[in-house]
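This report goes through one structure from its strand pairing to the contact between its chains. The sequence and coordinates are shown first.

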There are 2 protein chains.
Amino acid sequence: MERVCFTARIRRDKLAEYTERHGRVWPEMAEALRAAGWTNYSLFLTRDGLLIGYLETDDFAAAQQRMAQTEVNARWQADMAGFFDGIGDLRPDEGFNRVAEIFHLE
Amino acid sequence: MERVCFTARIRRDKLAEYTERHGRVWPEMAEALRAAGWTNYSLFLTRDGLLIGYLETDDFAAAQQRMAQTEVNARWQADMAGFFDGIGDLRPDEGFNRVAEIFHLE
């Protein structure tokens, strides 16, 4: 099992709306994540716009690939693109920076 | 159950040593964390020194308090103090910034 942490930057002027949107993620998006093997998945957001993701999955590369093939993910990422800072022409989920785990306690 | 995410800053010139030290956390420190109710606890470290912690616990305030009362935590935090940036006279575990969860998928 892989524990995955990633970061991204949300625009300062969009923090409230980004938070609000994540209180009502489309059920079909949640279902697609589950079906693709994303489990125990949380997003955390600092007051200055640092987004931190944490999830557990059998194989992150495979889980990402499965999501990338879904139609709902393309729609969701297009909808989210305007919230992100510094990702240029990437889709948000292509602009995530994975962070190395240096310690774990069960 | 609370899912907790926190951040802190590690000195850029100390990243390798901080990482190395977390590959050999004292067994009595790990045991104290477990006994205090810190579970599924990971630390992640970016290449520019952002430390991200994630853990699960029944009651984070109580779990922190239980750790603060242990002798091994005082020794560990004293040992780690030189690695942290911008915490002044705080112990490292007093300088952690908790980050709000905005989304969760089981």
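Which residue is the bridge partner of C5(A) in β4(A)? In this predicted model, the partner of C5(A) is V99(A). The pair belongs to the contact between strand β1 (residues 2-9) of chain A and β4(A), which pair in the antiparallel sense over 3 bridges. Strands of a sheet pair through backbone hydrogen bonds, either parallel or antiparallel.

**Chain A**

Chain A contains 4 helices and 4 strands. Read from the N terminus, the order of its elements is β-α-α-β-β-α-α-β. The radius of gyration of chain A is 14 Å, close to the 13 Å that the globule rule gives for 106 residues, so chain A is as compact as a globular protein of that length. The C-alpha trace of chain A spans about 35 × 35 × 25 Å along its principal axes. Of the 106 residues in chain A, 21% are buried. Contacts in chain A between residues at least 6 apart in sequence join residues at least 24 apart in 71% of cases.

**The barrel**

How many strands close into the barrel, and in what order? The barrel has 8 strands, in the order β1(A)-β3(A)-β2(A)-β4(B)-β1(B)-β3(B)-β2(B)-β4(A), with antiparallel pairing. From one strand to the next, the twist averages 30°.

Pairing between the chains is found at β2 and β4. Strand β4 (residues 97-105) of chain A pairs with β2(B) in the antiparallel sense over 5 bridges. In the other direction, strand β2 (residues 39-45) of chain A is joined to β4(B) by 5 bridges, and these two strands also run antiparallel. Individual bridge partners are listed below.

| Residue | Bridge partner | Strand of the partner |
|---|---|---|
| C5(A) | V99(A) | β4(A) |
| F103(A) | L43(B) | β2(B) |
| H104(A) | S42(B) | β2(B) |

**Two residues in the paired strands**

E101(A) is found in strand β4 of chain A. Leaving out residues up to four places away in sequence, E101(A) touches R3(A), C5(A), S42(B) and F44(B). Is E101(A) buried or partly exposed? E101(A) is partly exposed, because 17 other C-beta atoms lie within 10 Å, while a buried residue would need 20 or more. For a sense of scale, E101(A) and A16(A) are 85 residues apart in sequence and 29 Å apart in space, C-alpha to C-alpha.

N40(A) lies in strand β2 of chain A. Its phi is near 45°, a positive value in a residue other than glycine. N40(A) counts as partly exposed, because it has 17 C-beta neighbours inside 10 Å. In chain B, N40(B) is placed in strand β2, and the phi of N40(B) is near 45°, again positive in a residue other than glycine. N40(B) is partly exposed, with 17 other C-beta atoms within 10 Å.

**Relation of the two copies**

Chain B can be laid on chain A by a turn of 180° and a shift of 0.0 Å along the axis, with an RMSD of 0.0 Å. The two copies are therefore related as by a two-fold rotation axis. The same surface serves both copies, since 100% of the contact residues of chain B recur in chain A.

**The side of chain B that touches chain A**

In the contact between the chains, 27 residues of chain B meet 27 residues of chain A.

Notes:
Residues are numbered from 1 along each chain as its sequence is written. Chains are lettered from A and ligands numbered from 1 in the order in which they are written. This is a predicted model: local features need pLDDT of at least 70, side-chain atom pairs count only at pLDDT 80 or more; totals for chains, interfaces and linings use all residues. Copies are superposed by least squares on the C-alpha atoms of residues with pLDDT of at least 70 in both. Two residues are in contact if their C-beta atoms, placed from the backbone, lie within 7 Å. Two strands pair if DSSP finds at least two bridges between them. Axes are lines fitted to C-alpha atoms, for helices over the stretch in contact, and angles run from 0 to 180 degrees between N-to-C directions. A residue is buried if 20 or more other C-beta atoms lie within 10 Å of its own, exposed if 12 or fewer, and partly exposed in between; C-beta atoms are placed from the backbone. The radius of gyration is taken over C-alpha atoms; the globule rule is 2.2 Å times the number of residues to the power 0.38.
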